Amino acid sequence: HVRLVESGGDLVQAGGSLELSCTASGVIHSATMGWYRQAPGKERELVATVVGRTTKYADSVKGRFTVVRVGARNTVTLQMNNLRAEDTGVYYCSADVIMPLADKGVHWGQGTQVTVSL
């Protein structure tokens, strides 16, 4: 059974940094892994994804956030620097699972809260 567990969410002052981490258990192989976020009253939006050596970022976080896939492990981190109040939200990890076939598809973590204060 696939399970994604995030960690690292916290309360931080504007201009500060946080690192989120997500590990997927029960996964033999996954393609894209990444991070999405949902602010209060808004829809979930893409923050950053990584597949192979290719990364993709939302325009609002380019130059401030860095997504890294940790080697062959099903772990992905998100280093967030120069945080802004508008980065506040629940951050969700996602993994597009290839194997095992019984769990093929996109899976989500439970989310971790990031709050940036002014």
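Reader: Is Trp 108 buried, partly exposed or exposed?
Author: This is a predicted model, in which local features need pLDDT of at least 70, side-chain atom pairs count only at pLDDT 80 or more, and totals for chains, interfaces and linings use all residues. Residues are numbered from 1 along each chain as its sequence is written, and side-chain values use heavy atoms, with hydrogens and water left out. Buried means under 20% relative accessible area, exposed over 50%, and partly exposed in between (1.4 Å probe, protein chains only). Trp 108 has a relative accessible area of 37%, so the label is partly exposed.

Reader: How many aromatic pairs are there?
Author: Rings of Phe, Tyr and Trp (its six-membered ring) pair if their centres lie within 6.5 Å; planes under 30 degrees apart are stacked, over 60 edge-to-face, and the rest tilted. By this rule the count is one.

Reader: Which geometry do Tyr 36 and Trp 108 form as an aromatic pair?
Author: The ring centres of Tyr 36 and Trp 108 are 5.0 Å apart. Their planes make an angle of 70°, and the pair is edge-to-face.

Reader: How many residues apart in sequence are the parts that the pair of Tyr 36 and Trp 108 ties together?
Author: Strands (E, at least two residues) and helices (H or I, at least four) are DSSP runs, numbered from the N terminus. Tyr 36 lies in strand E4 (residues 29–38) and Trp 108 in strand E10 (residues 105–108), so the pair ties together parts whose separation in residues is 72.

Reader: Which residue has its charged end over the ring of Trp 108?
Author: A charge sits over a ring if NZ of Lys or CZ of Arg is within 6 Å of the ring centre and within 35 degrees of the ring normal. At Trp 108 the distance from the ring centre is 4.6 Å. The residue is Arg 44.

Reader: Arg 44 also lies over the face of which residue?
Author: The distance from the ring centre is 3.7 Å. The residue under Arg 44 is Tyr 92.

Reader: Which cysteine does the disulfide join to Cys 22?
Author: A disulfide is a pair of cysteine sulfur atoms within 2.5 Å. A search of the whole structure finds one. Its S to S distance is 2.1 Å, and the partner of Cys 22 is Cys 93.

Reader: Is Ser 94 buried or exposed?
Author: Ser 94 is placed in strand E9. Contact means heavy atoms within 4.5 Å. Leaving aside neighbours within four places in sequence, the contacts of Ser 94 include Tyr 36 and Trp 108. Its relative accessible area is 6%, so Ser 94 is buried.

Reader: What is the relative accessible area of Phe 65?
Author: Phe 65 is found in strand E7 (residues 65–69). Not counting residues up to four places away in sequence, Phe 65 touches Arg 37, Val 47, Tyr 57 and Tyr 91, among others. Phe 65 is buried, at 3%.

Reader: Is Leu 11 buried or exposed?
Author: Leu 11 lies in strand E2 (residues 11–13). Leaving aside neighbours within four places in sequence, Leu 11 is in contact with Thr 115 and Ser 117. With a relative accessible area of 56%, Leu 11 is exposed.

Reader: Which peptide bond is cis, with omega near 10°?
Author: Most residues other than glycine have a negative phi, and most peptide bonds are trans. Pro 100 lies in the loop between E9 and E10. The cis bond runs from Met 99 to Pro 100.

Reader: What is phi of Asn 82?
Author: Asn 82 lies in the loop between strand E8 (75–80) and E9. Asn 82 is partly exposed, with a relative accessible area of 42%. Its phi is positive, in a residue other than glycine, and near 50°.

Reader: What share of the 118 residues is buried?
Author: The C-alpha trace spans about 45 × 25 × 20 Å along its principal axes. Buried residues make up 42%.
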